[in-house]
Every structure is written in C-alpha cells, then in structure tokens.
Amino acid sequence: MTAPISDTIFQAYGLVKRYGHVTALDGADFELRAGEILAVIGDNGAGKSSLIKALSGAVIPDEGRMLLDGKAVHFHSPIDARTHGIETVYQDLAVAPAMTIAENLFLGREILKSGLLGRCFKIIDKKKMLSEAIRHMQDLKIGIRSMSQAVETLSGGQRQGVAVARSTAFAKHVVILDEPTAALGVKEGNMVLELIRRVRDRGLSVILISHNMPHVFEIADRIHIQRLGKRVAVVNPKNISMSDTVAVMTGAKNPEDLPEDAHA
Amino acid sequence: MRHHLHRLPPLSSLGPCIALLVAALFFSTQSSHFFSGQNFSLILQQSMVVGVIAIGQTLIILTGGVDLSCGMAMALGSIIITKFATDFGLPPVLAVACGLVVCTLVGLVNGALVTKVRLPSFIVTLGTMNIVFAITQLYSGAQTVTDLPDALQFFGNTFRLGQTSITYGTLLMLALYVLIWFFLRNTAPGRHIYAVGNNREAARLTGIATDRVLMKVYMLAGFLYGVAALLSVARMGVGDPQSGQTENLDSITAVVLGGTSLFGGRGTVTGTLIGVLIVGVFRNGLTLMGVPSVFQVLVTGVLVILAVATDQFTHKKG
C-alpha cells in the first residue's frame, strides 16, 4: 500500500462487494486527486457501478476501507456521503419534474425565513431561494431564463444542468456524475461537458462515469480503468490512444505492456 | 415563446374554474332560486363536511396515494365524539379531542401500512375502510346517538350577514383551506409533500425522509377527518354510524375535479375547493330543477370520468 499522496482527496483500498455468488468488487482500489476530473471506465460487469455506489454511499462494501481527506469514512447511505461533502448526480435524473428549478436546486435543503417564522413554521424564503438559484446558475453559465419554471419544461441537457448545479451548490469535496451525457444530443452533450469543466475549475473534484470514449478523452485529467472487479490501470489520456485504452478495458491488452508515460 | 407559457395557469387549474362558472350560469337560467346569497350559503353548508374531508384526501393524493377510508374514519369520529359526550358525560371539548385522536390514529394505521409494510394505499385503505366501518357499527350498535349537548352543535349554528345566514362550520372549513393552502405553498414540509408525490426516489436521494413525510400526511388527513366528524355532528345534530358513505367517494371526485393529478405531485387545495363546489352546485342546482337525486349521482360519475380523462391527457402530453 502506498502512502497517501498529499493532494489525494478521496481514496479506497481493497473494496470487496459480493452479491450471492457474484463478486462485483474484488479488492478494488481507487484514488481521486483534488481538483481533477477522474473518468471511471469499464466494460459491463467490471464493477464500475458497484464502485461508484460504494463511493457515494448507495452500497455498503463487504470489505475494504475508504479515506476522505486522509480520514477514514464509512458511509451507510447516500445522505451519509452527502453530509461528508460528496454529491452524486444520478443517471436517471433525480429531479421533481413538476417543481420549479429553484425548488429543485434546494430540494431537501430549503432556505428558511430568518427568525421565528423559519424556525417554528419552516416557512421557506422563496425570494432568497430564487436569487440564490439565479446567482448559482449564472456562476455555472447555465442559460435558463426563469428559475421559477417547472423542470419538465426544460430540455434534457438543461435538466442535466439543473441536476449538476444542485450537486455543485452543496458539494464540499467531490461531485460524482453517472453517465451525465448519456441521453443527450451532440450540442447538449458538449454543453454538459463544458459545465463539468467549470465545476472542476471551481476547485471541486469530479468523478465521471461514462461509456462515451470521445467525451472521456475530451475532459478527463486521468482515467481509472476497471476490469473484473479491480482497478487494472490509471492512464493519462494525453499519452495513450483511445484504442489502447479500450484494449486494456476489455482485456485485449495487458496494462504492463503500455509505455511508461501512458500511466498516470 | 416558451418562457411566457409557464406564467399562464395550466389548463388543469383553469378548467375547474370555468366548469364551476358554466354550471352556476346554467343553473341560474334554470331556477330563479339558484342565484341568491342564501342559496350559496346553503351550498357551502351542504359542502362543509365533504369539503374538510377533501382537504385530507388532497394531501394523500398529492403523495401519489388515495384514501378510501376517509368517510368511514369520519363516521367513527362522529360516533366517538357523540357517545363519549353522552354515555360517559365527558365535557364536549374533551369528547371532540377524543374523536380527533381516534381519527388521527386511523391515519396512523394507514400510514404505517403504506410506509412500513409497503402496501399500496388503495389496498390498505380498502381494508381499513371495512374495518373502521365494522368498528363503528359494533361500537354504536348501529344506533344513532341523540340528545347531544348544545356545545357539540356550535358549528351548525348560523349568524346573519345582511340577508344571508352563514354557518360557523363553513367558516371553519374555509379557514382550514387557507391554512393548508399556505402550508403547501410556503413551508418546507409542504413542498416535500409535492416532492414525494413527484418523484419519491429523487426526494429520498436529496435527503428528504420520505417515509416520515408520508406518515405525517396520513395522520394529518386523519385529523382532518376528525374535524369533518365534528362538522357532521354539528350539521345533523346526531351521531350517525351510517354517515360518511357518500363523502367517501365524493371527496375523491372533488379532488380530481379540482385538477389534482391521481399520479401525485401536482395539484392544489384551491382546486379541490372548486371541485367541492362543483359537486355542491350540481347537487343543489339539479335539486332546484326537480331532477331526481339518482340523476345527480349519474352526473357526478360523468364529471369524474371527464376530469380523470383530462388529467391523463395533459399528463401524457407533458
């Protein structure tokens, strides 16, 4: 085991997760550096989603340990992970469609009126929520005209924008994005990629799960390759070809055969 | 273009208003007695019991559920209130408190079965509807409770406002509508009810304790059925174990007519109030026209199907 590098913010060692006879995670390691976009790729059944679920608290691993900012953490639920500053944007767009953008941004964490009204009657401060929503969306350069329109009136890309904006508004350390560009067209996909860059530039670390290799190569700083329940390599997208990456992912190529500078 | 559209009220909230106006206009042309303050006050008075039940029903339908036990819970509440006041000689305030507690407990049982045992609310409340009905009959011996203290009938009393006499109970109903309207619109727990009905999993993932929200909704609805029991006792002057049977389905009718979606997450109590008034206006207007009551039931049935079809249509489009 290597000593934690100073700029590593979130790490996991020897994660094991079994479902009956199936071993989804077979001693997987993981390391996320501060302020980077780390893509996690892997074939179906490589344990990619189990890994992400363990990191986001949706699944409790059978074995292994996780460190956040150098301190051991044990997540029992997604809410647990969230209180530690790790926000997850789920693939199936976890938004309430009939509610407004501002309401969705603050869902479960509404801004209450100050004083007695807020504390005793939990009366929400709609004005403040609206202005905060506008400020936050402008920070992320998400071009939506009105924060008081229902989320269901938005396009797929805009909805994804709302989901990403919500996670970044509250994340202290890490944002996990599960297939954020999956259901989107070219233009909208690029819009979301641009948004992910801005999230990183604000100092957050991003874990990006994606099947879309061009997107991964376009924005990832490093790529974590998951195979057969383990991490087989972490590569530098600047020094490796897309086809070599896919070859390692599918097992067609041994990661030890990669040139030295391809590793990250 | 698109950003202007969301500012207009959606079809589902405009439709009920138009329906109510059209119905009122129609009956005004059919009966000279219809368009008067006294008649409107009467419609409100006839609607106050189902009106309060429909508030609880709205809350439950907003979470994506439905409550078939509401009328039976109300009947049990009215028997508890009247029997505790007469048989045990409890002070009326205490008897009413007991009725409210029992109705809240019915809600608690419904909520617990929905959240802990994860049964569909339709099945749960179908069961409790029958159980609560049986308990009401057993406890009352299927006998109407009479000789009530005057205090229990306070909300059936009227005061005069110009030419019109107004029932205190209707004021209580309207006050509850304002209160719940504000609660749903402007408080965090109120918004969480919409979130749970809209996308329960999303609500859970954002950290809302969805089961706790559901429990509170079912208990609050139960409490409101207790208030409706008090109004029913006040209006009829007796504790009637057979009451609540038309209110049971009428409350669902009113909620749906008011534009609240049976899929959950969309709707308002103001819409429900309009739905209650639509049912009330039809009943009243057809009576004034001398139409036999069986046709009133027929018309209500047609209205419900129309309202649900509209809901289905707008939901699919959106």
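Strands here are DSSP runs of E with at least two residues, helices are runs of H or I with at least four, and both are numbered from the N terminus.

A note before going on: this is a predicted model, where local features need pLDDT of at least 70, side-chain atom pairs count only at pLDDT 80 or more, and totals for chains, interfaces and linings use all residues. Residues are numbered from 1 along each chain as its sequence is written, while chains are lettered from A and ligands numbered from 1 in the order in which they are written.

**Exercise 1.** Work out how β9 and β10 of chain A run, and in which order the strands of the open sheet lie.

Step 1. Start with β9(A), residues 222-227: 5 bridges link it to β10(A), and the two run antiparallel. Two strands pair if DSSP finds at least two bridges between them.

Step 2. Now widen the view: the open sheet has 6 strands, ordered β6-β7-β8-β3-β9-β10 in chain A, with mixed pairing.

Step 3. Check the edges. β6 (86-89) and β10 (230-235) of chain A each have a single partner strand, so one side of each has no neighbour in the sheet. From one strand to the next, the twist averages 20°.

Step 4. Contact means C-beta atoms, placed from the backbone, within 7 Å; axes are lines fitted to C-alpha atoms (for helices, over the stretch in contact), with angles from 0 to 180 degrees between N-to-C directions.

**Exercise 2.** Describe where chain A meets chain B.

Step 1. Count residues: 25 of chain A are in contact with 22 of chain B.

Step 2. Find the top contributor on the chain A side: helix α2 (residues 78-83) of chain A, with 3 residues.

Step 3. Sort that side by type: 15 nonpolar, 4 polar and 6 charged. Ala, Val, Leu, Ile, Met, Phe, Trp, Tyr, Cys and Pro count as nonpolar, Asp, Glu, Lys and Arg as charged, and the others, Gly among them, as polar.

**Exercise 3.** Describe how α5 and α6 of chain B pack.

Step 1. The axes of α5(B), residues 92-115, and α6(B), residues 121-140, come within 9 Å and cross at roughly 145°.

Step 2. Among the contact residues are Val106(B) of α5(B) and Val124(B) of α6(B).

Step 3. By type, the contact has 6 nonpolar, 4 polar and no charged residues.

Note on methods. Two residues are in contact if their C-beta atoms, placed from the backbone, lie within 7 Å.
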